[in-house]
Every structure is written in structure tokens, then in C-alpha cells.
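Please keep the sequence and the coordinates in view while reading.

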Amino acid sequence: MTPERWQQVSRIFKSAIDLDRDARAAYLNAQCSGDASLRADVEKLIGSHQQASDENFIGGVAAEAGAKLLIDDALESQTPAIKKGQQLGSYLILDPLGAGGMGEVYLARDSRLDRTVALKVLSPDISQDKRRMQRFRQEAKVASSLNQPNILTIFEFGEIEGLTFLATEFIDGETLRDYLRGNRLKISEILDFAMQVLAALDSAHEARIVHRDIKPENVMIRRRDRLVKVLDFGLAKVAEKKASTMQAEESEAATAFKTAPGTVMGTVNYMSPEQAQAKAVDERTDIWSTGVMIYEMVTGAMPFSGATTSHTIVQILEKEPAPLGNVPAELQRIVSKAMTKDPDERYQTAKDMLIDLRSLKKRLDVEAEIERTSSPTTPAPVAGTEPGKRRVLLLALIAMAVVTASILAFNVWRSSRSRTGSSVTTPVAPPVERTLTYWVTVQKFKDGRPYQNPFPLAGEINFEASYHIRVHIRSPEAGYLYIFNEGPPTASAPAEFVVVFPSTTANNNSSLISAGQVVPIPEKSWLEFDKQQGVEKLWLVFSTQAVAELDGVRQFASPQSKNLITNVGQNKIVENFLATNSTIKPELEKGATLTTVKAQGNLLVYAIRLEHH
Amino acid sequence: MTQAPRQHEITELLAEWRDGNQSALDELYPLVYNELHRLARRYMSRERKGHTLQTTALINEAYVRLVDQKNVQWANRSHFFAISAQIMRRILIDHARRHAYAKRGGGAQQVSLDEVAAVASNCGRELLRLDEALKSLAEMDPRRGQVVELRYFGGLNNEEIAGVLNVSENTVTRDWNMARAWLYQQLTGSGAN
């Protein structure tokens with residue numbers, strides 16, 4: 001827009017918005033006489049003005065919206081800088097090693113025992129929480145009792161000059177994460193690393209310690225001999241505790257806490273389904289994460305990875321990862337078993353998984369040996385062996401090769417059979433099931449403006465009249481979605497429904513959503529409720545086919561009528577439809593902030609209930 | 001309370017700026033930036049349990065600390081607010097930019113398992129987009145750009161803005177409506193150019 005045009009538009013705009021509809025039309029006619037594009041510009045701007053004020057666009061103050069950014073910084077600046085050459089008790093700081101989830105790590109020299117240690121100094125926001133520190137102390141104590149070569153040894157947990165620290169053995173090496181960056185791993189190396197991780201887990205699990213955060217960042221590879229060390233046993237729980245207490249204290253500034261340094265919960269990518277849903281976890285969660293890690297070592301990719309955290313979680317809960325590709329079928333079997341969604345179907349102990357990996361490793365070693373000795377390019381004469389004995393040895397190797405080849409052939413046959421799928425051999429149709437995952441974000445309003453930060457609706461909350469919400473919905477498959485709001489029942493009046501979806505403010509007014517699409521409803525503003533108290537229902541209807549009975553509701557989806565179905569007949573149709581189709585209770589999986597609804601059959605009907613006080 | 005070291009100097013710089021010396025602003029800027037930034041961080045670390053950041057309270061405090069109160073004219077105060085709004089904008093945008101870059105990239109997502117976090121991490125990016133749109137607005141129409149800056153970044157109400165810009169409150173309201181509608185159009189992509 002040129003400055004002249006801008007002046008023109010703004011002059012007409014400022015008078016026009018004070019006029020009512022008819023007067024405005026007349027005014028625009030007069031002012032824009034014949035200039036259709038000028039008129040269009042002004043009308044668009046008037047429309048934007050209306051929407052901007054409806055949505056309270058930039059209605060708050062930037063600093064409130066940006067408060068989170070400032071808090072991050074404030075927390076960072078609280079972390080005291082520890083300098084090279086500084087003496088902390090008996091520790092002389094030699095070098096910073098890096099920053100972890102719980103604080104900074106330094107290379108230090110312990111003058112008492114004249115040994116080099118890694119000194120992890122906890123960030124103040126963690127060490128200032130007494131209850132959590134108590135717990136941390138306990139965990140560190142138990143973890144330090146673990147005496148296994150693949151577990152990083154904890155020397156001391158203490159406090160110097162107000163700083164809480166953890167002194168552990170120092171490993172000259174790199175994390176598996178860094179190692180993966182530079183190397184494509186051989187199968188034998190992958191098995192070797194995995195077995196060492198499982199050996200560490202086996203001994204920790206025996207002591208009833210669950211790691212909870214197995215991932216390449218927590219596995220160190222020693223430079224000189226590739227010895228694996230698993231880090232941070234017992235720490236994940238402390239970090240996790242933090243997040244859940246935060247949730248309990250859910251309040252205005254909680255948003256900021258959650259991403260503040262030190263509260264980072266790691267990645268969701270390695271989380272087991274039970275962990276992703278914030279259910280109770282046990283040793284088997286570590287087995288899952290180890291499976292994910294092996295998968296990553298083999299393919300270089302994550303088995304479960306979505307565009308956002310929520311997408312990833314949904315994948316963890318619902319998707320089967322792509323096969324590993326060109327690897328021994330036995331390895332595929334082991335990884336699939338480790339990553340079975342139901343913990344009861346998984347490897348039950350680290351030891352079982354370790355045993356399977358060990359025998360696979362042995363077999364592959366033997367095969368490699370045969371390959372090597374039978375290969376004509378490497379004749380490798382065995383010095384000092386008599387000709388007769390050597391022939392016997394060769395025969396034995398050949399016999400083994402035949403056995404191995406048939407095992408391989410069997411595996412190839414078996415995997416190709418499983419690939420061609422059940423359609424050929426076992427024509428069992430999978431049960432038809434519809435799935436929806438949803439979460440609700442709440443925005444408090446005060447004096448008609450957003451007030452404080454939005455938060456997720458998780459579990460039971462007192463739903464106040466000032467709460468405005470946005471519903472996010474996603475389905476793993478494409479289909480037709482309808483959402484209705486039914487207010488608290490009244491004795492006299494028949495039920496009336498509000499069409500929440502399809503909507504003029506979401507998904508381009510279409511009721512068809514695509515597979516995996518996250519649909520925010522409404523996209524930009526919030527849904528608000530009237531003052532009437534009681535239980536508000538948000539009815540979700542989802543099907544892969546358009547629902548004929550609900551076809552007529554779209555015409556009521558309009559901001560003018562507040563999306564209310566004003567036609568008695570149509571209300572009756574919706575009411576009957578919901579009543580008849582909601583008799584089968586869908587299965588619910590409630591996570592910390594996500595709920596997944598599954599229903600047998602082609603049609604899913606479910607009501608989200610909001611207690612409205 | 002320790003007194004800011006260059007109180008007298010800042011008061012003079014404000015006066016010079018008001019009298020049309022633009023280079024005074026260059027000197028003033030870093031001083032006020034540092035003070036506001038320090039205060040904002042202190043506020044946020046102390047009051048993170050449930051208090052929202054009161055921008056005007058913050059600027060007031062900076063003003064009291066930075067400006068020699070015995071030698072002050074009221075006009076200085078509005079100038080101070082005007083520059084403070086600008087600086088609050090810079091502070092937030094600097095933070096947002098740092099966040100937008102710091103949190104980008106890497107295969108695995110750093111998360112706290114929470115939709116709220118996602119909402120919050122968006123706020124940085126949204127601020128950056130708004131800032132860009134506001135720059136274009138200010139090019140076409142400096143005064144309306146300033147109204148948005150004073151209100152949204154400086155936390156001033158229309159009456160205060162009217163004082164700073166020396167126009168009527170009605171004008172501020174109209175400017176605000178127009179500017180907001182235009183910014184909305186830019187950010188939602190719903191408008192003509």
C-alpha cells in the first residue's frame with residue numbers, strides 16, 4: 001500500500017467504523033464512489049478490525065506475553081558462574097565440560113584422593129527445592145551403591161558454599177549421541193553397546209532402580225576401549241517429580257517454569273507409551289527406551305518422531321515403526337519385542353533381552369568367522385596344524401555353515417512371509433476402530449481480555465465462567481469430524497446444540513480432517529461459554545464417511561447466530577443421533593494433557609464433560 | 001538502595017534529546033536498556049510465582065532510579081516513557097530472537113511434555129512477526145506505529161499515550177483501531193498486500 005492510499009483508506013476507515021451497518025454502506029458508497037479496489041481495502045480493514053477486537057488481538061501488554069522469555073533469562077542469570085582454577089572445597093575446577101539437564105558439569109581435581117572427577121553442580125532452582133533435594137539425596141545414595149562397570153560411579157553428593165554438587169568418575173570419551181553423529185555403526189558394535197547398556201540396567205533393576213531416561217545423551221563411550229557407561233541413574237525421577245509438582249501448582253507463571261533451564265525433561269522420543277501417558281512406570285520402560293536407542297543406532301532415525309511433541313506422543317501410542325531394513329531378522333525381532341506397546345508383551349527383564357542379543361552376537365560372530373576363513377582371498381594358513389587335523393576343522397566349519405545358511409534361509413522366508421502379510425495366509429480383517437486424540441487449552445479472561453498464560457486442561461479442574469477454551473483434535477486417519485456443545489440440561493426447554501465444528505473459524509469450514517492433522521478449534525480465538533452453571537458437554541463425532549444425519553448442521557455454523565442450531569427439527573435429529581450412537585462406551589487413555597478416545601466400529605461418539613461453575 | 005550512577009547525566013541527555021539532539025538518544029539508549037533489562041529480570045525472578053510483569057511499574061521504577069527527580073520537567077517523563085516503550089520492545093525482541101534460534105534445530109525435541117510449553121515457545125516467534133509488521137506500519141505511518149509501541153510494548157493507556165504524543169485521546173483511540181486492524185490483517189494474512 002502506498003502512503004497516499006494508506007491515508008485515503010485510514011480516513012474513510014476511521015469514520016466508517018463508528019457507523020451502523022446501513023449508514024456505513026451509504027458512507028462507503030459515497031466515499032469510494034466507483035473505486036472498487038479502494039472500497040475492498042476499506043471493507044477488509046473493517047473486517048479485520050472486527051475480528052481483531054473479537055479476538056482481543058494484542059489486547060494485553062507485550063511484556064506479559066513475553067514474560068516467559070524474560071524468566072528464562074532471569075533463571076540463567078541466577079546460576080552462579082564457576083570459573084576455571086576456582087577451588088570448591090577440596091575440588092579444583094579444571095575445565096567446564098558442558099551443561100546438562102540438571103546443571104553445569106566441570107572437570108575437577110579432588111585433592112584428597114588426587115583423582116580427576118566430573119563435578120555436576122546443580123542449578124539453584126533444583127537445589128532450592130527441599131523436598132526434591134531430599135529425594136535426590138536418597139536416589140544418589142542408592143545409585144552410588146550400584147557397583148557395575150557399565151554404570152558411572154558416584155563418588156560424592158554434597159554441598160559447598162551453598163552449591164549442591166555431585167562428584168562422579170570422569171570418563172574420557174563422548175556421549176553416544178556425539179558418537180552417532182560421526183559414525184555409521186556396524187551391527188557388531190551396536191550389539192556390543194546395547195549389551196553393555198542392558199548389563200547396566202540389569203544390575204540397576206535388581207536394586208529396584210529404574211533409569212527412566214535411557215537415551216544416547218545418557219550413554220558415554222570411553223575413548224580408549226569403547227567401554228559403555230550409563231549416566232544419571234536415579235536422576236530422571238527427580239527431574240520428573242519436578243514436572244508433576246509443577247503441574248499440581250499449575251498457575252500463572254507455571255508456563256515459564258516448564259521450559260526454564262533445568263526443568264527440561266529430555267526428549268519424548270525415547271519415552272515408553274506408559275511414560276508418555278504419565279502412568280506408573282517400572283523397569284520395562286527402560287527396555288522400551290533401549291529398543292528405541294538400538295533402532296536409532298541401526299537406522300540413524302527415530303522410530304517415533306512427529307512434527308511436534310504431541311504428534312510424537314501419538315505416534316508412540318499408536319504407530320508401528322518402519323522395519324529396520326537390511327539387518328538380521330533376529331535383531332528386528334528383538335527390537336520389536338522391546339518396543340511392544342503393552343509392557344506385559346515386552347521383554348520383562350533386561351537380562352532376557354541381553355541373553356537374546358548375546359546369542360545373536362555369537363551367531364553373527366561365527367558367521368563372520370566362516371565368511372573370513374572360507375573366503376578365497378584370505379587363505380590364512382593355520383601355522384603348525386597337521387594336514388589331517390586341518391581338514392577336520394574345515395569340515396566342521398562347513399557343516400556349521402550349512403546349518404547357519406539354513407537358519408538364515410528360514411529367517412528370510414519368515415520375514416518375507418510376515419511382510420506379505422495376513423492377506424495371503426490368514427485372512428482376518430482387523431477390527432474396525434476409530435481413534436481421536438484431543439487436548440484442551442484454557443485461557444482465563446478478565447474484563448474481556450486474556451488474563452495470565454493459557455494452560456492445558458488436565459484432569460479435574462474447576463471450570464470457571466471466565467475460562468475460554470480451545471480444543472485440539474487429531475485422528476490417525478482422515479475422516480469427518482463434528483463437534484457439538486450441549487449446555488447443562490434444563491427441565492423445561494428441549495436440548496439445543498451449538499455447532500462447534502465444522503466452523504467458519506477452523507479448518508476452512510470443512511468437516512473433513514486429514515490423517516494426523518491437528519485441528520485447533522477455533523484456530524485463532526477461543527470458545528466461550530455462557531453463565532449457566534452445570535455440566536457442559538462437548539460431543540465429538542468422528543467417522544471415515546460423512547455422516548448423513550449431521551449434514552444439515554453446517555448451515556448453522558455462523559458467527560451471526562453464535563453457531564446455535566435454531567431449528568427445532570435439526571436439534572432433534574442431533575439429539576437422537578447422539579443418544580443412539582453413544583451407547584457404546586469408548587475406551588479412554590488419559591495422559592497428562594492428552595486424552596485418546598478409541599471406539600470399536602466405524603463411528604466414534606464421545607462427550608467431553610466440562611464442569612462449569 | 002544504590003543509586004544509578006549516571007542520574008544527572010541521564011536527565012541532561014533526556015533534555016538534550018527533547019531539544020532535538022538525536023545523538024543524545026544514542027547515548028541514552030544503552031543506559032536505559034541496561035536498567036530496564038536488569039529490572040525486568042529481577043522482577044521476573046522474584047515474582048515468578050503468579051505475578052504478571054507490570055511494564056508501567058517497571059518503567060516507573062527505572063525512571064525514578066535513572067532520572068534526577070529534583071531537576072525534572074514533566075515533558076521529560078513522557079519522553080522517558082516513549083523511549084522506554086521502544087526499549088521494552090527491543091528487550092523482548094532480542095529475547096524472542098535468541099529463543100527462536102536457540103530452540104530451533106536438533107533432531108529430538110526438548111520438551112516438558114506439555115502443551116503449555118508449546119504455546120509459550122510460539123510466543124517468541126509471534127512477537128518477532130508482530131515486530132516486523134510494526135516496522136512496516138511505522139514506515140507508512142510513524143504516529144500509528146508509535147501508538148502501538150507505547151501501548152503494547154510500553155504498557156501505557158490511551159490517556160498516557162495522548163500525553164506523550166501530544167494529541168487527543170480520541171485520536172489515540174482511532175489510531176489504535178486502525179493500526180491494530182492493519183497489523184491483524186498482516187499477521188493473519190487475511191488482507192490486501
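Two residues are taken to be in contact if their C-beta atoms, placed from the backbone, lie within 7 Å. Helices (H or I, at least four residues) and strands (E, at least two) are DSSP runs, numbered from the N terminus. Axes are lines fitted to C-alpha atoms, for helices over the stretch in contact, and angles run from 0 to 180 degrees between N-to-C directions. The model is predicted: local features need pLDDT of at least 70, side-chain atom pairs count only at pLDDT 80 or more, and totals for chains, interfaces and linings use all residues. Residues are numbered from 1 along each chain as its sequence is written, while chains are lettered from A and ligands numbered from 1 in the order in which they are written.

The overall make-up of the two chains comes first. Chain A contains 19 helices and 20 strands, whereas chain B has 8 helices and 0 strands. Of the 613 residues of chain A, 37% count as buried; a residue is buried if 20 or more other C-beta atoms lie within 10 Å of its own, exposed if 12 or fewer, and partly exposed in between, with C-beta atoms placed from the backbone. In chain B, buried residues make up 39% of the 193 residues. Among contacts with a separation of 6 or more, residues 24 or more positions apart account for 66% in chain A and for 67% in chain B.

The crossing of α1(A) and α2(A) is right-handed; a crossing is left-handed if the near helix is turned anticlockwise from the far one by less than a right angle, and right-handed if clockwise. Here I12(A), S15(A) and A16(A) of α1(A) meet R24(A), Y27(A), L28(A) and Q31(A) of α2(A). By class, this contact has 4 nonpolar, 2 polar and 1 charged residues. Ala, Val, Leu, Ile, Met, Phe, Trp, Tyr, Cys and Pro count as nonpolar, Asp, Glu, Lys and Arg as charged, and the others, Gly among them, as polar.

Helix α3 (residues 36-54) of chain A meets the other chain. Its axis and that of helix α8 (residues 169-188) of chain B come within 8 Å and cross at roughly 95°, which makes α3(A) roughly perpendicular to α8(B). K44(A), L45(A), S48(A), H49(A), Q51(A) and A52(A) in α3(A) meet N177(B), R180(B), A181(B), W182(B), Y184(B) and Q185(B) in α8(B). The contact has 5 nonpolar, 5 polar and 2 charged residues.

Further along chain A lies an open sheet of 3 strands in the order β7-β8-β9, with antiparallel pairing; two strands pair if DSSP finds at least two bridges between them. In this sheet β7 (173-175) and β9 (228-230) of chain A stand at the edges, each with a single partner strand, so one side of each is left without a neighbour in the sheet. The twist averages 25° from one strand to the next. Strand β8 (residues 219-222) of chain A is joined to β9(A) by 3 bridges, and V219(A) stands opposite V230(A) in β9(A). Helix α9 (residues 187-206) of chain A lies across β8 and β9, running at about 40° to β9(A).

In helix α14 (residues 309-318), 8 of its 10 residues are buried, including T309(A), I313(A) and L317(A). In strand β10 (residues 433-446), 10 of its 14 residues are buried.

Strand β10(A) has several antiparallel pairings. To strand β19 (residues 595-600) of chain A it is joined by 6 bridges, with E433(A) opposite Q600(A). To strand β12 (residues 467-474) of chain A, β10(A) is joined by 8 bridges, with T437(A) opposite R474(A). With strand β11 (residues 449-456) of chain A, β10(A) pairs over 5 bridges, and V442(A) faces F455(A) as its opposite residue. The hairpin of β10(A) and β11(A) has 2 residues between the strands, and D447(A) takes a positive phi near 50° there.

Definitions and conventions
Angles under 35 degrees count as roughly parallel, over 145 as roughly antiparallel, 65 to 115 as roughly perpendicular and the rest as oblique.
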